[in-house]
Amino acid sequence: MSERLQDLRNIGIMAHIDAGKTTTTERILYYTGVNYRIGEVHEGTATMDWMPQEQERGITITSAATTIYWNRNNQKYKINIIDTPGHVDFTVEVERSLRILDGGVVVFCAVGGVQPQSETVWRQANKYNVPRICYVNKMDRSGADFLGVVDQIHDKLDATPLVLQLPIGMEDSFVGIVDLLTETGYIWDSESLGEKYNAVPVPDDMKDAVAAYRTKLIETVAENDEAILDKYVADPSSISVDELRSSIRKAVLDMKLFPVICGSSFKDKAVQPILDAVVDYLPCPLDSKPIYGTDRNNEKVPVIPSDDAPFSALAFKIQTDPFVGRLVFFRVYSGKFETGSQFLNVNTGKKERMSKIMQMNANKHTVLNEVCAGDIAAGVGFKDIRTGDSLCNPDKPILLENITFPEPVVQIAVEAKKQEDVEKLNIALAKMAEEDPTFSYHFSNETGQTIICGMGELHLDIILDRLTREQNVECSKGRPQVAYKEALTKTVTYHEIYKKQTGGRGKFADIEFEIGPADEGVTGLQFINDTREGVIPKEYMPSIEKGFKSAMQNGILLGYPILGMKVRVFNGSAHPVDSDELAFESAANIAFREASKIAGPVLLEPVMKVEAVAPAEYVGEISSDLTHRRGQVLTLDSQGGLQIVVAEAPLAEMFGYINSLRNITSGRGTFSMEFERYSIPPKEIMDEVIFKTKGYIVNY
């Protein structure tokens, strides 16, 4: 069993949009025999981009899973690959994939280098302690700068890159690589679509560079390995290639080093070494950081990656399939599970059966009889499940750590064009919200409209497109709007006595509390029970917390959720007959509405990190335009003859920015934008937003 796990790799391929993730994955599928021909993103034939919207737009929208096998040193390895989107609007796909992966391949464009979404996925990988290797793609492109990208990885990502290869040629003359460990060159054959390649001596004009970078490689490895350091000091030539690989692997698993290799996926050059590096340096399930869960006694227990351990798995993605219905992707952390067996969903407390287990290859599948520790698969037959739910042996319940997702920041109003489609629209939106935790919808009592919320304009465009294509529901839509949050700025004391007498048994609840902003960095409800024993019976405390938690979903200003709030209950009383859970929940709900009026309620607007790229002559106008949009320019940088303007700006001012940027730069500028933080807008802006919504100014 341990041998099986040692030969298993669960990896994700991630990057900034258009760095070449899907193109790289297509070559991997071809070279490992999964596909008989190479699919191309620009032709809409990529296996991993199976959705019509992906094929038409040439971007990845949903993460796709596949399984390949790779022979390395006469050993067969099973590699589960998840190809993730690069666009920031679909960052949820990266987030949930990283939660269940053991390792990652981060793809960088040799021209663009470390771009905004590169930084985002790097931070996400750090959050989940995922070891990575770096692949610098597009070495054939004009302006390619391999060592420049290596420097950016060090400077922008605060990481220690370890150069394992040097390119042979650059731009149009790129033909292969030199492996610094073995000091061997490899040239790829274009006629065989890169399937064949030949070992060659190191080119004469590269011998000095290869010697220098190999010495630098050994020195970097020696800094993290005393055994290598001792050998290096005594006799550098005594260090074998196997010793170096072993030491590099250990440093990668500890996330001290990040190997860097290069190639050109589109031109079919140097793709196979990616798989060699995955096998050599990325972790198997036995190498990964220990996973912990919570047992029925609410104690933390380790989850052992073994087939003999009790079954436990995490559902990380839900997808509606037109043929099999609800498809649930899950990662098995321990134990075995056979088709038709019963499992417990710890989050719902319900027992269910999986009628079918499948190994996925994008939107195609192979039926399996069982899955084991370390496997990633998809199942059918679930009745009640959400992303992040824990599945386990009914006799050994264990709750795994859930997945956290960013909040939606853009919303639009939608309505079905035909009256008979209204019910279909609600059912379709419920399905999509189940699939995508960063998508939500609600009904506005004030306007009578259905409001859909997402991560950006593109995200919501895709949702509306899917409604038309998959659900046959055509919708009218409003203009994109900002999904604000609300906050409290002052801590105040409030006393609420809730009494209701209607004859017979009444309702009574008495709570005295402090309410105000949450501690720095805390979102949601920060609830503190600071009462003396017996003042309020302890069985009512969860109801008080529940009342505040539900109430804060509708702030006092415009009904937007409160981002973070602290409530400290310190006094109160109960009636021996009239008090119950519902009375205290209602009291907390009413108390919030009144207390928040005097706690300095404010709106919070999403502030975005903007990166505009254009020729140098346009920098002044771009900076001026961003300033007019209440933006603040943070840095100016140059790269490949272009200037990069990094700024922060409120989302409210950035709708339609692409048109403005095109006008300023005569169509030569591009930009990317991602959520950075929430911030209190100037009072005049806040008053304007409130007035537009309510028709009058609210001054609490």
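In which hand does α11 pass α12? The crossing is right-handed. The points below take this helix pair and several other features in turn.

1. **Ground rules.** This is a predicted model: local features need pLDDT of at least 70, side-chain atom pairs count only at pLDDT 80 or more, and totals for chains, interfaces and linings use all residues. Residues are numbered from 1 along each chain as its sequence is written, and side-chain values use heavy atoms, with hydrogens and water left out.

2. **Helices α11 and α12.** Helix α11 covers residues 422–435 and helix α12 covers residues 457–471. Helices (H or I, at least four residues) and strands (E, at least two) are DSSP runs, numbered from the N terminus. The two helices pack at an angle of about 120°, and their axes are 11 Å apart. That makes α11 oblique to α12. Axes are lines fitted to C-alpha atoms, for helices over the stretch in contact, and angles run from 0 to 180 degrees between N-to-C directions. Angles under 35 degrees count as roughly parallel, over 145 as roughly antiparallel, 65 to 115 as roughly perpendicular and the rest as oblique. As for the hand, a crossing is left-handed if the near helix is turned anticlockwise from the far one by less than a right angle, and right-handed if clockwise.

3. **Who touches whom there.** On the α11 side, the contact (heavy atoms within 4.5 Å) is made by Lys 424, Leu 425, Ala 428, Leu 429, Lys 431, Met 432 and Glu 435. On the α12 side stand Ile 463, Arg 466, Leu 467 and Gln 471. The residues of the contact of α11 with α12 divide into six nonpolar, one polar and four charged. Here Ala, Val, Leu, Ile, Met, Phe, Trp, Tyr, Cys and Pro count as nonpolar, Asp, Glu, Lys and Arg as charged, and the others, Gly among them, as polar.

4. **Helices α7 and α9.** Helix α7 (residues 207–222) packs against helix α9 (residues 241–253) at about 50°. Their axes are 10 Å apart. That makes α7 oblique to α9. The crossing of α7 past α9 is left-handed. Arg 214, Leu 217, Ile 218 and Val 221 of α7 meet Val 241, Leu 244, Ser 247 and Ile 248 of α9. By class, the residues of this contact are six nonpolar, one polar and one charged.

5. **Helices α9 and α10.** Helix α9 has another partner to check, α10. The axes of α9 and α10 come within 9 Å and cross at roughly 80°. That makes α9 roughly perpendicular to α10. From α9, the contact uses Arg 245, Ile 248, Arg 249, Val 252 and Leu 253. From α10, it uses Val 279, Asp 280 and Tyr 281. The contact of α9 with α10 has five nonpolar, no polar and three charged residues.

6. Searching the whole structure gives 33 salt bridges. A salt bridge is a side-chain nitrogen of Lys or Arg within 4 Å of a carboxyl oxygen of Asp or Glu. One joins the side chains of Arg 27 and Asp 268 (2.9 Å, N to O). Arg 27 lies in helix α2 and Asp 268 in the loop between β11 and α10, so the pair ties together parts that are 241 residues apart in sequence. Both Arg 27 and Asp 268 are buried. Buried means under 20% relative accessible area, exposed over 50%, partly exposed in between (1.4 Å probe, protein chains only).

7. **Two partly exposed pairs.** Lys 231 and Glu 243 meet in a salt bridge (2.7 Å, N to O). Lys 231 is in helix α8 and Glu 243 in helix α9, twelve residues apart. Lys 231 is partly exposed, at 29%. Glu 243 is partly exposed too, at 29%. Elsewhere, Asp 384 pairs with Lys 350, and the closest N and O atoms are 3.3 Å apart. Asp 384 lies in the loop between β22 and β23 and Lys 350 in strand β18, so the pair ties together parts that are 34 residues apart in sequence. Asp 384 is partly exposed at 30%, and Lys 350 is partly exposed at 43%.

8. **Positive phi.** Most residues other than glycine have a negative phi. Glu 171 has a positive phi, near 55°. Glu 171 sits in the loop between β7 and β8. Arg 630 also has a positive phi, near 65°. Arg 630 is in the loop between α15 and β36.
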